[in-house]
Amino acid sequence: MHARRRSRSERSLRGLTKLAPGPGNVALADRTEPTAGPGHVVLDVVATGICGTDLHIHDGEYPSVPPVTMGHEVSGVVAELGDGVDDSWLGARVVSETYFSTCGECSWCRSGRPNLCRERRSIGTHVDGGFARRLLVPVTNLHRIPDGLDEHAAAMAEPLACCCHSLLDPGRVAEGDRVLLVGPGPVGLLAAQVARASGGRVHVRGTPRDAARLAAAAALGFATSTTEGAAPREFDVVIECSGHAAGMACALESAARGGRYVQIGLAGKPVLLPFDLVCFKELDITSGFASTPTSWARALELIESRQVELEPLLSDAVPLDEWERAFAATRTGAGIKYVLVPG
């Protein structure tokens, strides 16, 4: 039996909301609790990861459509089904893709790249996201959580899918490549694992304040260094995940002639770079924005095969009403990955 639906006017919940444009303007606020329409489900949210994008939204550096509940790295349990949704989804432990809707007709949608659709609307920026007790998503977004995966760590399936899109579609790392990963945050440590699964010999580099994150990288089996020492040179592939100008410059300087540069980190503002190095070294520069259905499939395969580990990156699961503490820890790099628990 499908969960009984009630009118929207009967129910409300508290969500961490971007209330207005500009820096700040983020607070817990009353939001309308969703109900499942045709082809959609409502999730009981178990955990939602704090992403660098959420910090950019908080700071007014990333576009959103306020008022909107933030959060897009979601794990949960299917609690309510809309018409046309198979009953087998009810009660399933799931993670969710981030697009609430796309046009479905443009060349990008038809070629499997809905992330580039001009009409794309995403949870956490355009429509209410996962920093609340319940979340409405299309059933086509859902992926079952692999057996044995911690339900809080499972929220990192979304940033892993983003890394897979940047590094695997098409492949940027070949067997035996020397790979430099700049920026050992949660995305960086996921990207490092994806690069290693592709056959790369990965070196992870961070700043002195990244000591805990570099220790985690070392525990995962990666060589590490900090910016206190000379930058290592002549890497076949450099992957930039810090989103900072200094990290980007280091990556450009560390790339071998004819090498590949992959930009994953977002700066949120213009940066000044030694871009002539792209010409002098004839670098191949690529990037990736968000995720695609193909990259989600690849991410789940890597999780199930244990080629990528999520649990070691989880620093804490924080109650939603302590969001300011978790945001501050994320911003300062204290720990690796924090998730908010709306329950």
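1. Helix α9 covers residues 323–332, and both tryptophan 323 and phenylalanine 327 sit in it, four residues apart, about one turn of the helix. (Helices are DSSP runs of H or I, at least four residues; strands are runs of E, at least two; both are numbered from the N terminus.) Keep in mind that this is a predicted model: local features need pLDDT of at least 70, side-chain atom pairs count only at pLDDT 80 or more, and totals for chains, interfaces and linings use all residues. Residues are numbered from 1 along each chain as its sequence is written, and side-chain values use heavy atoms, with hydrogens and water left out.

2. The structure has two aromatic pairs. Tryptophan 323 and phenylalanine 327 make an edge-to-face one, 5.3 Å centre to centre with 85° between the planes.

3. Zooming out, the protein chain has nine helices and 18 strands. Its radius of gyration is 20 Å, close to the 20 Å from the globule rule for 343 residues, so the chain is as compact as a globular protein of that length. (That radius is taken over C-alpha atoms; the rule is 2.2 Å times the number of residues to the power 0.38.)

How values were computed:
Rings of Phe, Tyr and Trp (its six-membered ring) pair if their centres lie within 6.5 Å; planes under 30 degrees apart count as stacked, over 60 as edge-to-face and the rest as tilted.
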